[in-house]
Amino acid sequence: AVCSMGNSTSRLYSALAKTLSSSAVSQHQDCLEQPDSAQLDPIDPKDLLEECQMVLQKRPPRFQRDFVDLKKNAVSNHRPIRVMQWNILAQALGEGKDNFVQCPMEALKWEERKCLILEEILAYKPDILCLQEVDHYFDTFEPLLSRLGYQCTFFPKPWSPCLDVERNNGPDGCALFFLKDRFELINSANIRLTAMKLKTNQVAIAQTLKCHETGRLFCIAVTHLKARTGWERFRSAQGCDLLQNLKNITQGAKIPLIVCGDFNAEPTEEVYREFSNSSLNLNSAYKLLSPDGQSEPPYTTWKIRPSGECRHTLDYIWYSQHALNVNSALGLLTEEQIGPNRLPSFNYPSDHLSLVCDFSFNQDPDRLL
């Protein structure tokens, strides 16, 4: 149970955060299509963070991660746009399918794990949040984040593997959140990705936003490509489809673009090269952390399954490299911090690390590319 602190925020949070059963989801699907959390009072993020920390008081403290300054003497008169990318691990998959052999089931309890996820989000305060494997959107993330000032969009997978798990909470999918006081939604597209002209189980959300402070338009997209080895050509086809959609949405790259995702692909894969060489002129932000600015991090996910240890770089934040500058990026957890049992753990709620970058617009408004 969630600890009650006796104030109204605590009671409201406790009520909101109760998990809906799959039967409740199916019975009330019509209601859930358009949740109306705008009717609820705003939450002070400090109160919610305090609430989470009360729930987590028996767990180890959150790991310290520092931002790396990447500005090259660039001066911006405007606040940067902070973007957070994270595969948060679907609850049904974590408990029922993923077989994290070194992770105690106790560490995966949703009542505590959701507070670890929220703590991470509240710690970095993103202006835009892109999530994958969200299967608690309607009962947790949409009600809470909307009350923190975010506009929320969710697009579930058509045949989510979560639905195969007993006592699931509905399908998982991609979710996109942006702060309404910083951006105005101009256009939104839910994209079901195709491969070899066939519709697939993978999805994307792409939204064109207008920055209130600068008046500039940009597009933010979130996706989660097909997993597993042997599906490289399939991922490549999905990537081509997504790029074509994004070319249309950005009018051939006239509108700056940020793409967040779990691509399930190492930098050696064809889909990575497609994004690197696209006419949209994209660069991967986390390459900038490397000494030469050309190498991806050594890992963004690290877990132990029955088949052995899996350490891979699969998660990326792509951006229009001449229209946007990367001011800073959040450093990754070290091997020592992650520990010998890897992820997830009592310390960290997902098998994927969150990526966070601060962006600013290029100061030359005529240089769109």
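Q: What percentage of the 369 residues in the protein do buried residues make up?
A: Happy to start with the overall picture: this is a predicted model. Its secondary structure comes to ten helices and 15 strands. The protein exposes about 16300 Å², with carbon and sulfur atoms supplying 49% of that area. As for the buried share of the 369 residues, the figure is 56%.

Q: Of the contacts in the protein with a separation of 6 or more, what share do residues 24 or more positions apart account for?
A: Here a contact means heavy atoms within 4.5 Å. Among contacts with a separation of 6 or more, the part from residues 24 or more positions apart comes to 78%.

Q: Which strands stand at the edges of the open sheet, each with a single partner strand?
A: Seven strands form this open sheet with mixed pairing, in the order S1-S14-S15-S2-S3-S5-S4. Each of the two edge strands has a single partner, so one side of each is left without a neighbour in the sheet. Those strands are S1 (67-69) and S4 (150-156).

Q: Which residue in S15 is the bridge partner of Ile81?
A: Strand S2 (residues 81-87) and strand S15 (residues 355-361) run antiparallel and are joined by five bridges. Within S15, the residue bridged to Ile81 is Phe359.

Q: What angle does the direction of helix H6 make with that of S2?
A: Helix H6 (residues 110-124) packs on the sheet. There it touches S1, S2, S3 (128-134), S14 (324-330) and S15. Its direction makes an angle with that of S2 of about 160°.

Q: How many of the eleven residues of helix H7 are buried?
A: Helix H7 (residues 137-147) lies across S3, S4 and S5 (173-179), and runs at about 160° to S4. Buried residues in H7 include Tyr137, Phe141, Leu144 and Arg147. The helix is mostly covered, and the number of its residues that are buried is ten.

Q: Which residue just after H7 takes a positive phi?
A: Let's step past the end of the helix. The positive phi just after H7 is about 100°. The residue that takes it is Gly149.

Q: Is Cys260 buried or exposed?
A: Buried means under 20% relative accessible area. Cys219, with 0%, falls under that heading. Cys260 also has 0% relative accessibility, so Cys260 counts as buried.

Conventions:
Residues are numbered from 1 along each chain as its sequence is written. This is a predicted model: local features need pLDDT of at least 70, side-chain atom pairs count only at pLDDT 80 or more; totals for chains, interfaces and linings use all residues. Side-chain values use heavy atoms; hydrogens and water are left out. Buried means under 20% relative accessible area, exposed over 50%, partly exposed in between (1.4 Å probe, protein chains only). Helices (H or I, at least four residues) and strands (E, at least two) are DSSP runs, numbered from the N terminus. Two strands pair if DSSP finds at least two bridges between them. Axes are lines fitted to C-alpha atoms, for helices over the stretch in contact, and angles run from 0 to 180 degrees between N-to-C directions. Accessible areas come from the Shrake-Rupley method with a 1.4 Å probe; for residues, only the protein chains shown count as cover.
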